[in-house]
Amino acid sequence: MAVFSLYSFSSILPSRSFCYLDLQPSQFGAWIGRERKRKASNRLFVLSSHSNPKILKSNRRSRYGQALSPYDSDDGGDHDGDDDSDEDGWFSEDEFAETEASDTDKQRFKTRSPTNKSQGSRRPSEKEWAVTSLKVGQSLKNTQSQLVEKNSKNMLEVEVGSSTKNRFRRLSEEVDLDVKWFPLLNYLSIFGLKDSHFIQMYERHMPSLQINADSAQERLEFLLSVGVKDKDIRKILLRQPQILEYTVENNLKSHIAFLLSLGIPDSRIGQIITATPSLFSYSVENSLKPTVRYLLEEVGIKKSDLSKVVQLSPQILVQRIDSSWTSRFSFLTKELGAPRDNIVKMVRKHPQLLHYSIEDGLLPRINFLRSIGMRNSDILKVLTNLTQVFSLSLEGNLKPKYMYLINELQNEVQSLAKYPMYLSLSLDQRIRPRHRFLVSLKKAPKGPFPLSSFVPSDECFCQQWAGTTVDKYLAFRQSLLIKEFAKKYGRK
């Protein structure tokens, strides 16, 4: 076997050529340049040649692409070319694109002929080298900026999330609070909702707190646009948190259009929604329209009165109208012998009648009127003309008025059949002040006090009964209210 050795005139040891193993990637390109300069100044001499061509490179070519003899040559220039070719294989243009090329490298780039793929990839030109270097540098800069921006954003989100969580501390203690809810909670807070309100919403319908804040804002802004007041949004959400889930196009608009079709004016839409937000949970075609047909066809409400009935009691649209009407119609017919027309009139004047409990609402008040000496015919007359008697408190309203009627006004109970409105008037704001005022003026008639004096407005009362100014009457009433308040609470 033939052995050859290469020695340089330089005193540098051969092991120097492998020092790149200890270099960092950023230093490797500079090292390549220094090595090329060193090799250009040092000549290599062949002390012995190989005798077996089979172990040599059979496809060696000169820098000009000409085939070389498989045997070693005395010309050292070819070695330089081969060495350069081998060194070029140690790195790629992408890995060290930012390293500046030496003058010798630049010359070689110009003189080297392109090779096919089997001989290695084409080395970039000086211009391409600079462009690639610029692109890589810009890419690194952009990546660094993105990382800084992302880290800043993450830190801001952590700070905001922590601040929001502290803001809803009570809520987080009561329920399993999800940080994804924070945007919605912050938005709803502008309507006055607090932790206690969110807890109520959570207990009533937890999915309502999972709604996207933008979607919730779109739906609430639509409600505001049709007349709902800002101060009523909280009330609506506490009663019907599901309303946040109802879409504008597929739900809210169709229900508003239905209300308008009943003849309800635009100015009343917001009040109806506030009174009955559950309206949106009922199908227009399968529930609301059938209810309206029942009121018209079975109950006997006139179409011209339908709008008034719904405005007085929007809840009538969302109740089981068939069972409500049937049970109350049967009760009033049996208890008072009420004709159908009287009951229909009661419903038209006070549709809330269909909501009141028979056992706890209707029957106790009928029994009270009976207890003070009224006959069924008189009771029916009172209830037909003033059906809201069913809504008045027995202890706080009906009984005190009856006692004042008998003891102070010296009237008979039968007078209520003629003036049932007396039971709907305020004892403190109208009945007592007007009676005492006429007594103070010595204009109160002898005998039963006329209940008709309580019916007109303050202006008409002062002109027709008192013969004085409204200001004088109002001052008297205010003084009387203060005295009654002091007497009630034991103050002098």
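Modeller: Happy to, and bear in mind that this is a predicted model.

Colleague: Which residues make the contact?

Modeller: From α14 they are Ser-327, Arg-328, Phe-331, Leu-332, Glu-335 and Leu-336, and from α16 they are Ile-358, Leu-362, Leu-363, Ile-366 and Arg-370. Sorted by class, the contact of α14 with α16 has 7 nonpolar, 1 polar and 3 charged residues.

Colleague: Now α20 and α22, how do they cross?

Modeller: Helix α20 (residues 427-440) and helix α22 (residues 470-488) have axes that come within 10 Å and cross at roughly 110°. That makes α20 roughly perpendicular to α22. The crossing of α20 past α22 is right-handed.

Colleague: And who meets whom there, α20 to α22?

Modeller: On the α20 side you have Asp-428, Gln-429, Arg-430, Arg-432, Pro-433, Arg-434, Arg-436, Phe-437 and Ser-440; they meet Lys-472, Tyr-473, Phe-476, Arg-477, Leu-480, Leu-481 and Glu-484 of α22. By class, the contact of α20 with α22 has 6 nonpolar, 2 polar and 8 charged residues.

Colleague: Let me step back for a second. How many helices and strands does the protein have?

Modeller: There are 22 helices and 2 strands. The protein has 492 residues, and 38% of them count as buried. As for contacts between residues at least 6 apart in sequence, 68% join residues at least 24 apart.

Colleague: Which residues of helix α9 are buried?

Modeller: In α9 (residues 230-239) the buried ones are Asp-232, Ile-233, Ile-236, Leu-237 and Leu-238. The cover over the buried residues of α9 includes α6 (182-188), α7 (195-205), α8 (213-225) and α11 (266-275).

Colleague: Changing topic, where does Met-374 sit?

Modeller: Met-374 is in the loop between α16 and α17 (376-385).

Colleague: Is Met-374 buried or exposed?

Modeller: Met-374 is buried, because its relative accessible area is 6% and buried means under 20%. Leaving aside neighbours within four places in sequence, Met-374 is in contact with Leu-369, Ile-379, Val-382, Val-413 and Leu-416.

Colleague: What about Ser-452, in which loop is that?

Modeller: Ser-452 is in the loop between α20 and α21 (458-466). Ser-452 is partly exposed, at a relative accessible area of 25%. Not counting residues up to four places away in sequence, Ser-452 touches Tyr-419 and Trp-465. From Ser-452 to Tyr-422 it is 8.7 Å, C-alpha to C-alpha, and the two are 30 residues apart in sequence.

Colleague: Now backbone angles. What is phi for Gln-410 and for Lys-442?

Modeller: Gln-410 has a phi near 55°, a positive value in a residue other than glycine. Lys-442 has a positive phi too, about 60°, and is not a glycine either. For context, most residues other than glycine have a negative phi.

Colleague: Where are Gln-410 and Lys-442 placed?

Modeller: Gln-410 is in the loop between α18 (394-407) and α19 (415-418), while Lys-442 is in the loop between α20 and α21. Gln-410 counts as exposed at 51% relative accessibility, and Lys-442 counts as exposed at 78%.

Colleague: Last one: how many disulfides does the structure hold?

Modeller: The structure holds 0 disulfides.

Methods. Residues numbered from 1 in each chain as written. Predicted model: local features only at pLDDT ≥ 70, side-chain atom pairs only at ≥ 80, totals over all residues. Heavy atoms only, no water. Disulfide = S-S within 2.5 Å. Axes fitted to C-alpha atoms, helices over the stretch in contact; angles between N-to-C directions. Helix = DSSP H or I, 4+ residues; strand = E, 2+ residues; numbered from the N terminus. Parallel < 35°, antiparallel > 145°, perpendicular 65-115°, else oblique. Left-handed = near helix turned anticlockwise from the far one by under 90°. Contact = heavy atoms within 4.5 Å. Nonpolar A, V, L, I, M, F, W, Y, C, P; charged D, E, K, R; others polar. Buried < 20%, exposed > 50% of the residue type's maximum accessible area, 1.4 Å probe, protein only.
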